[in-house]
Structure formats: C-alpha cells, structure tokens
Amino acid sequence: MANDRQQSQEQLPQEEPPPFGGSWTTLYVLVLFNLALLVALFYLFTRTFA
Amino acid sequence: MRPLDWIVLCAALAGIVLYGIWKGRRSRDLDDYLVADRSMRWHHVALSIMATQASAITFLSTPGQGFADGMRFVQFYLGLPVAMVVLSVTAVPIYRRLKVYTAYEYLEGRFDLKTRTLAAFLFLLQRALSTGVSIYAPSVILSVIMGWDIRLVILLIGGMVTIYTAIGGARAVDNTNFQQFLIIMGGMLVAFLTLIWLLPPDVSFVKALRVAGKLGRLNAIDFTFKTDAHYHFWQPRFWTGFNEQYNFWSGLIGGCFLALSYFGTDQSQVQRYLTGESVTQSRLGLLFNGLVKVPMQFFILFIGAMVFAFYQFTQPPIFHNPVEVGKILSSPRAEEFRTLEARYGEAFAAKRDEARRLMGAIDAGADGERAQAEAALQAAQQRGETIRADAIKLMKENDPEANTSDTNYVFLNFVIHYMPAGVVGLVFAAVFFASMSSTASALNALASTTVIDVFRRLVNRGESDRYYFIFSKLATVFWGVFAITFAEYAGQLGSLIEAVNRLGSLFYGTMLGIFLLAFYFKRVRGTPVFIAAIAGEAVVFACFFFTQIAFLWYNVVGALVVIALALLLNPFFRDREMEKGKG
C-alpha cells in the first residue's frame, strides 16, 4: 500500500495544456519576464523621481 | 463617520456574511467542506489566494510604510513570482495527483507519520497564534481611530468570520474571499483617486510625485548589498547587507524562500489551490498571483507615498495616533506638547513654501535654482522631523508605556479626516474584509489539519465521512473561539505580539526544507528528515536570538540546514531502514 502510494507520487499526471499561451513553459516565462520588466520599471521610477 | 458611511459599512458586512452562508449552504460532505469539491475556477482560486495573504495590516501598515519609509518595502515581494512558477511546476501536480486534503498528508506517504505530525504540529502552532493576532492588530487600530470598544471590534470580526466559515467551509471561504478582494481593491482605488483629487489645484500629480521623490519616498529599488570595510570578507560582520530588511537581494532570494514556504507548505494557502477544478485551474490561480501581486503591493505603497505628498501642502498632525495625543494633552506636560505643535506648524509652513519653490524651479527648467530648492526642502523636512522626534520623546517621558510608533495609523487617520462621505465607509469595509478573508482561510485550514492530520489519523480512525464532516464544523468553531479569545487578551502580551508576528518566519524555513526534500530528493528517508528538521529549527532560533540577520533570511537558513543535514544523515539511516524493511 505504502509502495503503491510512493509509486503514484513518482508518476505525475499528464500535462494538460493551458487554455491560452500554447504551453505552460510560455506562461512561466511570461510570469518571469513580467517580474524582470517590473524591476526595470521600478528602477527607472526610482531614478526619475529620486 | 457620517450616516452614509455607516450604511455602506453595515450593508457590506451584513451582505458578505449572508453571501457566505448562502454560498456554503449546500455543503454536505467532507470533500465539499474542506476543498469545495475541487470545483473552483482559476479566477476564484487566484483572488482567494490573494485575499488570504493580504490581511488588514497589509492595507493599514503598508500605506503607513510608504508614508514613513518610501516604496522600498515592495522589494519584499520580488521573490514571489519565482516561487509561483516553482510551485506550479512541482507542488500543484503532486498534491492534485494524490487528492490530499492537507499538504502534510503528502509527507506521510513520502516519509513517515512522525514527519507528517511534526509538520502539522508546527503549522497548527504558528497559524493558531497568528490568526489571533490578525484579528487583534486591525481591531486596535480601528478602536483607536474611531474610539470603538476593542473587545466589540474583535468579537465582531471574529464572530462574523466564524459563522460563515463554520457553516460553509472552503466553498464559503473561497466565494467570500473573491468578493471581499474585489471590494478591497475597489476601495483602495477609490481612496487613491480621491487622494489625487484632494491635492491643491496648483499641484499636479507629477509635481506631487517629484516632491515625494525628492524627500526619499519613491525609492522602490535598491540593488546595493552593503559590506563593512572594517572587516575581511570571511568575517560575518563584513556582510552587513544581510542585516538589512529590504533590498533587492533579500527580497528576491529571501522573499522567494518565504513565498515557497508560505504558498507551498502553509495549509491556509495550499487549501486555496486544492479547491481548483484541475491542475490547470490551480496553476493559473497561482500564476495570476505571480503576475499581479508585485504591482498590487506597489500600488498600496504608492498610496502611502501620495498621502505623504498630500501632507506637504496640507498640515499633518504631529502624531497620527489620536489616543496617544489625547493622553499627553490631558497630562501636566500638555503645554510643552502644544509648544512643539506650534513649532511643527511653523516648520510645516516653511517646508510648504520650499516645496512650491521647487515646483516653480522645475517648471522654469532652472537647474541651479532647482538644486538649491531641493536642498532647502530637505533641510525643512529635517527640521520638521526633529520637532516630531522631540514630541515623541516627550510622550515617552510622560508615559513610558506610550505607543510611539504611529505608522499604522497614518492611512486611516487621513481617510477619516479628508475622505468624502461614503468613501470612508467603503475603506473601513475594505479593512474589515481584509481581516475577515485571511482569518477565514486560516480557520478553514486549522480545522482541516486538526481533522485530517490529527483527529482522523491519530485519534479516531475509521468513522464515516459524515462524522468527520460534523467534526470539521466543530473544529472550525473551536478555532474561531480560540482566535477571538487570544485576540481579546493579546494586548496584555506586550512585546510578545511582535514575536508572534514573526513566528511564521521562524518555522517556514524548516517546513520548506522538509517539503523540498520530499519534492526533489527521492532517496531521502523519513528519520533523517525528522532529525534534520529539529536541528534546522534550533539553528533558526539561534539566528533569532544571537544574530542581527534580517528575518527574511531565516527562511533560507532553515531550509538549507534541513536539506544539508538530511542528505548528510541519509546514508546511515537508509541502511538501517532497509534492514528494518527486510526484517
């Protein structure tokens, strides 16, 4: 029983594609790109008004 | 508050309680009560996650921080989007595949019962105490600003939440969180627009920004990591950057570890995305949070910075906590305080003139004049700060027990004095909702862990689904009463409250270490993880008591110690556990 459970933990479900964006990788990159863009904008904001 | 404000506030509170009861009325079994039948769409999951994280203190303290310290607190959240991606890749598919009710259930299948119980116990301990504080903290501020009885405010917030959470479980929590979050953000947006509208006619939005920026309130990003040249790089004191609470590096790395711990191992958050209809819906909920959380925090801090800009042209009170001001004014030292208030008023008038001179210089494009006006404005600001510091010192001398930090009172004090009728009621409803949404998720999670990881696993196994369903409702009521009682007495705990507030960071690193081992190190067994978790917790407590390290780094330290030690111990215990298995 414990082995079954252990085994089932190793087998992750089939990847269902996201409803938009094509693939999950695209969405992950979008989130990280958004973060990088925000950091750049915050830096410009700080430089502009400081 | 005016009659319209009371109507808005009462209608909002009554409406949300009735809505929660109505939404949760069909809750009939354990699956529905604990994970809403895993039927929620991503936008519900996303807003419920955000409402859970944003407590009332977020909406009171954050603008206060923007006012007093500028925008740098936004860096605290920079690691969050990275954590959302990591959890979407790793945790969501695993939790969904196993159809667990709690994150700690997974640990038994992966390691053993004692590791699951340890993690569940750490969660129950820190979440039970912090839920009481999350009711107490806004209640203090509301009672001070409005003169309401604090016991009544605590009872009102705690009572309303307990009613709809106990009746409707996760379905009621997710649905009310969704509505509450929309109203909270709507209220903050209306407050922001009204604030811009309240600026003097000759002060445009951009000019107000320039004045706030010149006085150091728009400092969103700081890439520097300070070091102390008096020491060598191998000496811990060289790395003074680790002692700073908020810079880009602590926010990105420490913040990422904190977010991984909070969203990946804290049942109050895990339960939110377990209610998703599928892996896709849960993932989209987390990723949406990763997209909008940082700009949202920026916006709330920005409101504080704009309140600061507003008070460059309208005289602010010398101290923003009216109860403490009342105390000194009714004491024998009232006359000294009034003298300081008069001097503060004069300093303000001089500063306002310098601010207008700076705006004129910017308009004229005269660089020399602008530099002079900037320096004069900063000097005028410093004069005002010095007088304010004298007033605070006087309050402390008059009453050593006086609360001399007024950061949390700045925003609401501004709202009740300057916002129009209706908007005040809306902002107050937003504060109540923020407290209620995070408390509801916490009660729901505490009940789930009590029933699934303690009662059903350790105390009374093999009963019917209906039996555990009813027990879950009773557990919710129990934790609601516990949180209210703790909040009622929290004021008497003094500085312990601060410790309780940081409790999360004391435990999250260890919890994260356990879960990272579970997710990524398939060969590691239960006993070494258990020993490493105890040792990791000891190291984090040692950091807390004996070092100056900023608390965000505790999450990194705790997680790394647990992982390293478990990997080190694993070969010894692996042999033993295999022998045991053979025997």
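Analyst: Let us begin with a definition: a polar contact is a pair of N or O atoms within 3.5 Å, where, within protein, one must be able to donate a hydrogen and the other to accept it, and residues adjacent in sequence count only if both atoms are side-chain atoms. This is a predicted model, in which local features need pLDDT of at least 70 and side-chain atom pairs count only at pLDDT 80 or more, while totals for chains, interfaces and linings use all residues. Residues are numbered from 1 along each chain as its sequence is written, chains are lettered from A and ligands numbered from 1 in the order in which they are written, and side-chain values use heavy atoms, with hydrogens and water left out.

User: What makes the pairing of the side chains of D453(B) and R116(B) a polar contact?

Analyst: The two side chains are joined at 2.8 Å, and the cut-off is 3.5 Å, so the pair is called a polar contact.

User: Why is D453(B) called buried?

Analyst: Buried means under 20% relative accessible area, exposed means over 50%, and partly exposed lies in between (1.4 Å probe, protein chains only). D453(B) has 1% relative accessibility and therefore counts as buried.

User: How do you know whether R457(B) is buried or exposed?

Analyst: R457(B), which is found in helix α18 (residues 423-459) of chain B, has a relative accessible area of 17% and so is buried. Its side chain also makes a polar contact of 2.6 Å with the side chain of E108(B).

User: Why are α4(B) and α13(B) called oblique?

Analyst: Angles under 35 degrees count as roughly parallel, over 145 as roughly antiparallel, 65 to 115 as roughly perpendicular and the rest as oblique. The axes of α4 (residues 56-69) and α13 (residues 279-310), both of chain B, cross at roughly 55° and come within 7 Å, and the two helices are therefore oblique to each other. By class, their contact has 9 nonpolar, 6 polar and no charged residues.

User: What makes α2(A) roughly antiparallel to α5(B)?

Analyst: Helix α2 (residues 24-49) of chain A and helix α5 (residues 80-89) of chain B pack at an angle of about 170°, with their axes 9 Å apart. The cut-off for this word is over 145, so α2(A) is roughly antiparallel to α5(B).

Methods:
Axes fitted to C-alpha atoms, helices over the stretch in contact; angles between N-to-C directions. Helix = DSSP H or I, 4+ residues; strand = E, 2+ residues; numbered from the N terminus. Nonpolar A, V, L, I, M, F, W, Y, C, P; charged D, E, K, R; others polar.
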